[in-house]
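Dear colleague,

I am passing on the structure below, together with some notes on what was found in it. Please look through it before reading on.

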Amino acid sequence: MGMAQSVGRRDSYADTGAGGEDLISALPDDVLVHILLQLRDAAAAARTSILTRRWRGLWALLPQLTFADGIEHHRIVSALAAHQVPDLRGLRVATRHASVEYLAVWLPIVARRLTGSMLLRVVWHDNEEVAELEPEQRGEILLPCFQRATTVILEFSFLRLALPPSGVFARLKVLELVGIHLYGQCSLGNALSSPRCPSLQILSVQNARGLGNFTIHSKSLLELKLLKLPDMQQLIVGAPSLQMLIIMGCFTDGLNPSQPVANISAPRLELLLWTCDFVPSSLQLGEMAHLQCLVTGNFFVYGPISFALQNRCCMSIPQHFERLSVLNLYIIYPPVIGNTEYLMEDMTSLPDVTILNLDVTAYVHSFGASVFHVLRMCPRLKALCLKFPVKPSQLEAQTAFCSSDCICDQPPHWKTEELLLDRLQEVEIWGFTGTEHEVALLKRLVSWATVLKTMMIKFHGSVAESKRNRLCQLLLSFARPETCLHVAPLF
């Protein structure tokens, strides 16, 4: 029956007063504790003590505590002191009244008792004002070692965080750090590598500063997410069990003249998302024979010649692999092309892919040439998903972006040159609006895909029902007889 059963049923029941017999108060402690847990607020649970003597102090038996947004830190200290359960299975705290002094008092108490998960969210009323403070003015805290906790999620919003120089996070499986500013002698990699964190499976670090070098060697790590870490200059990952690696918005500190470097050893990796610009010679990827899905950064179809370097960085990751089950590509047109360079020739090769997810941000430009360029490098393709992430505001202003002399339709050979996609059986179109450019591409695609079985159209929400019906008839007019056309809910 759980922790509360050891306390047993209390012998002292309260007076029931004029209302008659109090059947609820006659329930065992573990049942009453379960009722209190439904309140999801430790303060509200504590207020039930005023009901009767039977309920007095019963909240102190809660196996997990939740403090609602706005709780003052000195009340958390008092609550933990009165709490009678030696093993705390869960703690949730959300506060806009950050107090480094009180955090330093009650976090070590929690670290000693926590056997489950903790979510601590500390937010200032004016984050922008705090962000302008010097690091030493924001407050700092030493993170205690959570020896028995399984999940720790910290959203510190500019607080400086020092990691414990010793101790083992013996049972920690999930760690998420958001908005921290790391400082101190102990590095994040040292604290989280296998010798001190032997059970870690999921690690996420987001919107953090002070993480210039990150080296982790973990035998247990399965998922690693590093998001928006501009200070990072060196990344070394040795994780033989890692299955998912996501790197976004890192290595972006333009004030650092040095070239960032990365070395990834993850032989069992299945999903890799890498959207950071990186000079190919500075990125070392070990053998990844199990990789199934690769997600790349943005590839620019037109732009100044300086964009060519970014395109080559984007293509350096796919060129590490001969075959992939799934490849996600993002090709981007500028709102106004003008006299910029055509850059698709920077894409010289792609892995042998089975499923291609191709996002095309073309505004209202013709994009047939760029899609043709991609598809002719995927002769073994079996499934294609084309997505047009068009916003309504872009649709309203479409005439401002593409003039009659725009070069977006160049080179024009895609309209006549043959392409054999004799394995392509499934096509999905997301965000379809029925523009002239979209319909023109679909006509060519149907002619290239000689064994196409299904084509699913997900219309953009701005397309009226009458127009959807006309477009469906148009698509049926040039679709192959053996191809089934499906219309999905609006995108």
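In which loop does E417 lie? E417 lies in the loop that runs between helix 9 (392-396) and strand 23 (426-432), where helices (H or I, at least four residues) and strands (E, at least two) are DSSP runs numbered from the N terminus. Please bear in mind that this is a predicted model, in which local features need pLDDT of at least 70 and side-chain atom pairs count only at pLDDT 80 or more, while totals for chains, interfaces and linings use all residues. Residues are numbered from 1 along each chain as its sequence is written, and side-chain values use heavy atoms, with hydrogens and water left out.

With a relative accessibility of 34%, E417 counts as partly exposed (buried is under 20% relative accessible area, exposed over 50%, partly exposed in between, with a 1.4 Å probe and protein chains only). Leaving aside residues up to four places away in sequence, E417 touches F372, R376, R444 and W448, contact meaning heavy atoms within 4.5 Å. The C-alpha atoms of E417 and F372 are 9.5 Å apart, although 45 residues separate the two along the chain.

Of helix 8 (residues 368-375), 8 of 8 residues are buried, and what covers them includes strand 19 (323-332), strand 21 (352-361) and helix 10.

Best regards
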